[in-house]
Amino acid sequence: MYKIKINGIVQGVGFRPFIYKLAIEQNLKGFVLNSTSGVKIEAVGDKSSLDKFIKRIKKELPAAADIKEFKVDELPDKLYDNFKIKRSAISDGSTLISPDLAVCEKCQQEFNDPKDQRFKYAFINCTNCGPRYSIIEHTPYDRPVTSMKEFEMCDYCKKEYSDPLNRRFHAQPVACPDCGPHLKFLDKDLSLISGDPIAHTIKAIKEGKIVGIKGIGGFHIACDATNFEAVKHLRKRKNRPDKPFAVMACEDKIHEIVKVTKNQKALLKSPKAPILILPRNDSIDLYKTDNSSGDSPIAPNVAPQNPNLGVFLPYAPHHFQIVNSKLPFVIMTSGNNQNEPIATEPEILQDLCDYFLEHNRAILNRSDDSIILPTQKHNILIRRSRGFVPSPCNLPFKTKSTLGCGAELKLTFSLSNKTKLFLSPYIGNTGSKETMDFYQETFTKYKKWFKIEPELIACDLQPDFMSTKFAESLNLPLVKVQHHHAHVSAIMAEHQIDEKVIGVAYDGTGLGTDNTIWGGEIFIGDHGKFDRIFHLNYMPLPGGDAAIKHPIRIAYAYLKKSGLSTEYLKGISKFEKRIIDKQIQNNFNIFQTSSMGRLFDCVSAMLGLFPTITFEAQSAMALEYLCENEQVLDCEPYSYDITNEIIDIQPCIKEITSDVQRGVESKTISKKFHKTIIDLTVNSVEKARKRSGLKKVVLSGGVMQNRILLNGLIKKLSRNNFTVYAPENLSPNDSSISVGQVMIANRKIEQKRD
Ligand SMILES: [Zn+2]
Ligand SMILES: [Zn+2]
């Protein structure tokens with residue numbers, strides 16, 4: 001007899017019926033059982049059948065399953081009459097919860113079959129697809145502990161649910177039009193409008209209205225992506241002047257708007273169904289602001305002045321009815337008010353929407369859409385949320401039960417136990433009250449589901465973050481972690497690295513250990529300790545955070561500090577200049593920063609791109625887009641100087657000033673600037689290798705979302721015989737800070753003890 005224990009994503013993904021089917025086919029007796037510590041199997045039969053059974057489990061695994069642990073023990077035979085699927089057992093130990101899965105192809109076929117019981121039924125699902133994380137209350141995953149408990153199965157569904165050979169066997173959310181949840185269409189005041197909710201939705205969107213659509217992890221706010229006026233309206237209501245919107249596209253038409261490779265298409269169609277940021281397929285004029293859309297069906301204000309577009313495919317059954325060849329491009333942006341997390345109730349969105357497509361299956365756990373940024377060599381998961389949470393990450397060493405509280409922008413938390421780390425979904429972009437409520441609510445659930453009671457807390461050095469205040473309120477051993485050390489440590493953890501490396505952290509801002517604002521740092525270190533061996537020279541940031549929204553003020557202050565002319569700067573008033581002059585003179589409200597993000601802002605403003613921005617990294621992105629598809633590595637860099645630990649970028653700023661004044665094309669300046677940053681980084685990393693003998697380089701920080709920079713660094717460092725570790729499954733931005741905090745806090749505690 002074989003006793004088998006399997007752990008990983010093995011619950012809610014059709015794993016038990018799969019095992020049952022294999023066991024029957026191999027003529028085995030015994031049982032399969034879901035327990036809180038994974039799937040247990042006892043199988044009796046002849047040796048060759050048993051071995052074939054094991055082989056087939058690994059080979060024929062259901063699409064959404066992922067085995068992390070597989071243990072087989074050979075024991076004396078027990079007597080069984082047949083092979084059975086036993087009810088879930090309660091025991092200690094942790095189990096994993098499956099992420100929500102996009103509707104599978106078989107269910108799509110039934111959905112489109114007029115003869116099928118679930119024809120056009122918005123809640124069709126099976127053991128391979130459908131909601132999981134979003135509907136669960138407790139583990140182990142079973143219908144009575146999901147939001148499907150409200151719906152009693154009809155005989156038709158019950159029969160499928162109970163038949164071990166049916167593809168809906170023990171599919172907990174199974175339902176049909178006779179017994180399951182339903183869509184309804186509501187007006188702005190939430191009064192029911194009778195008739196076909198889908199037909200109403202399509203009609204409203206086509207008429208240029210804005211519709212709140214309840215989906216899997218929360219509400220989307222939808223409007224026709226080809227309708228300039230509708231998009232303009234949406235921007236006004238959301239108070240979102242420029243930030244790009246994601247477009248849900250019909251699969252057959254997606255080629256009309258973006259360039260998509262075969263692999264990328266497969267990723268879009270995968271159970272995770274992420275948003276992919278892809279190059280647009282049209283020849284848009286990046287800096288044209290009128291409402292003519294050129295040769296693109298997409299309205300120019302969907303992603304203004306942006307050569308890329310965030311696109312995804314329908315992933316919930318009702319998406320397929322709304323987004324199709326007759327309405328192929330629909331903006332589906334997260335349904336939230338400014339600075340608030342994604343909503344699950346229409347009440348929250350009444351000021352934003354004209355109508356609502358609602359349903360009565362409760363969303364118990366929220367998650368936004370995940371976002372992937374493809375680069376030349378790999379994909380970067382820049383937002384890890386729906387389709388990924390709450391699957392754990394594996395850590396390179398054993399940790400205590402630890403909570404990493406995160407930073408402030410792109411807030412997440414991490415809860416770890418031993419080598420497993422559970423990263424929260426994307427919570428929100430500020431520490432507003434609503435965001436922190438969602439944070440605490442999710443934290444409470446994670447503790448319960450994964451049976452982790454933290455004994456160690458980690459947070460950022462920045463005392464003003466709500467996440468720091470939350471960490472302090474827990475009254476447990478607390479380690480405060482430097483922001484950029486956490487950035488490097490997170491990407492090390494992703495690559496299972498637990499040794500000394502050269503770490504590059506290029507970021508917006510984060511508090512340094514010397515009370516200045518860091519962000520252009522090169523470290524030598526490991527999870528426990530780091531030496532800051534190079535950094536950009538300190539430049540003045542007038543007014544701190546206020547300057548970040550006005551890159552032109554950064555440019556003005558940087559030029560002043562370097563003793564250069566500020567005459568040519570566009571988009572700054574005499575009044576602003578006078579105030580900054582005074583601040584510099586009196587050294588009042590001036591912060592010193594080594595931030596790489598701010599340097600990009602400065603150069604962008606010097607070129608007159610965005611004197612003022614309306615969303616994070618807008619100006620840095622504009623600078624990057626100038627040299628998209630250009631050969632950067634061959635061009636001549638600007639000057640810079642490395643003396644002791646200081647990388648002085650003032651020579652570069654001086655040469656850019658003279659280039660701008662001579663009327664050199666902005667594209668050329670941007671290319672030369674990117675080349676300069678690549679060169680000065682490779683140069684510093686070379687010096688670090690000479691000093692330390694280290695060959696592994698870890699790249700991290702929000703600026704690494706710049707693909708020109710990231711691709712250039714990977715290429716040049718690899719050529720120079722470094723092993724380069726770039727962000728892939730964890731984001732380079734602040735959403736991974738909580739992971740690094742967990743790692744560092746554990747090492748620091750060990751060091752204290754020794
Ligand atoms: Zn399915
Ligand atoms: Zn039914």
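Two strands pair if DSSP finds at least two bridges between them. By that rule, strand 8 and strand 14 (residues 355–359) pair in the parallel sense, over three bridges. The model described here is a predicted one. This briefing treats its strands, its helix contacts and its nonpolar core in turn.

- Gly212 has Phe356 of strand 14 as its bridge partner.
- Strand 8 is also joined to strand 9 (residues 219–224), by four bridges, and these two strands run antiparallel.
- Strands 8 and 9 form a hairpin with four residues between them, and in the turn Gly218 has a positive phi of about 160°.
- Strands of a sheet pair through backbone hydrogen bonds, either parallel or antiparallel.

- Five strands make up an open sheet with the order 4-1-3-2-5 and mixed pairing.
- Strand 4 (66–74) and strand 5 (83–85) are the edge strands, each pairing on one side only.
- On average, neighbouring strands of this sheet are turned by 15° against each other, direction ignored.
- Strand 2 (residues 29–35) and strand 5 run parallel and are joined by three bridges.
- Opposite Lys84 in strand 5 stands Phe31.
- Helix 1 (residues 15–25) lies across strand 2, strand 3 (38–44) and strand 5, and runs at about 175° to strand 5.

**Two helix contacts**

- The axes of helix 13 (residues 551–561) and helix 15 (residues 596–606) come within 8 Å and cross at roughly 95°.
- Angles of 65 to 115 degrees count as roughly perpendicular, and helix 13 and helix 15 are therefore roughly perpendicular to each other.
- Helix 13 contributes Pro551, Ile552, Ile554, Ala555 and Tyr558 to this contact, while helix 15 contributes Arg598, Asp601, Cys602, Ser604, Ala605 and Met606.
- By class, the contact of helix 13 with helix 15 has eight nonpolar, one polar and two charged residues.
- Helix 17 (residues 650–661) packs with helix 18 at an angle of about 170°, their axes being 11 Å apart.
- Because angles over 145 degrees count as roughly antiparallel, helix 17 and helix 18 are described as roughly antiparallel to each other.
- Cys652, Ile656, Asp659 and Val660 of helix 17 meet Ile669, Phe673 and Thr676 of helix 18.
- This contact of helix 17 with helix 18 has five nonpolar residues, one polar and one charged.

**The nonpolar core and buried residues**

- In soluble globular proteins, nonpolar side chains tend to be buried together.
- The largest nonpolar core has 229 residues, and those with the most contacts inside it are Val247, Val311, Val330, Ile331, Val697 and Leu699.
- Helix 18 (residues 666–692) supplies the largest share of this core, eight residues.
- Beyond its neighbours within four places in sequence, Val330 is in contact with Ile205, Ala222, Asp224, Ala225, Val247, Met248, Ile322 and Val323.
- Leu456 belongs to strand 19 (residues 456–460).
- A residue is buried if 20 or more other C-beta atoms lie within 10 Å of its own; Leu456 has 20 within that distance and is therefore buried.
- Not counting residues up to four places away in sequence, Leu456 touches Lys400, Thr402, Leu476, Pro477, Ala745, Asn746 and Ile749.
- Leu456 and Gly404 are 52 residues apart along the chain, and their C-alpha atoms are separated by 8.7 Å.

Note on methods: Residues are numbered from 1 along each chain as its sequence is written. Chains are lettered from A and ligands numbered from 1 in the order in which they are written. This is a predicted model: local features need pLDDT of at least 70, side-chain atom pairs count only at pLDDT 80 or more; totals for chains, interfaces and linings use all residues. Axes are lines fitted to C-alpha atoms, for helices over the stretch in contact, and angles run from 0 to 180 degrees between N-to-C directions. Angles under 35 degrees count as roughly parallel, over 145 as roughly antiparallel, 65 to 115 as roughly perpendicular and the rest as oblique. Two residues are in contact if their C-beta atoms, placed from the backbone, lie within 7 Å. Ala, Val, Leu, Ile, Met, Phe, Trp, Tyr, Cys and Pro count as nonpolar, Asp, Glu, Lys and Arg as charged, and the others, Gly among them, as polar. A nonpolar core is a set of buried Ala, Val, Leu, Ile, Met, Phe, Trp, Tyr and Cys residues joined through C-beta atoms within 7 Å. A residue is buried if 20 or more other C-beta atoms lie within 10 Å of its own, exposed if 12 or fewer, and partly exposed in between; C-beta atoms are placed from the backbone.
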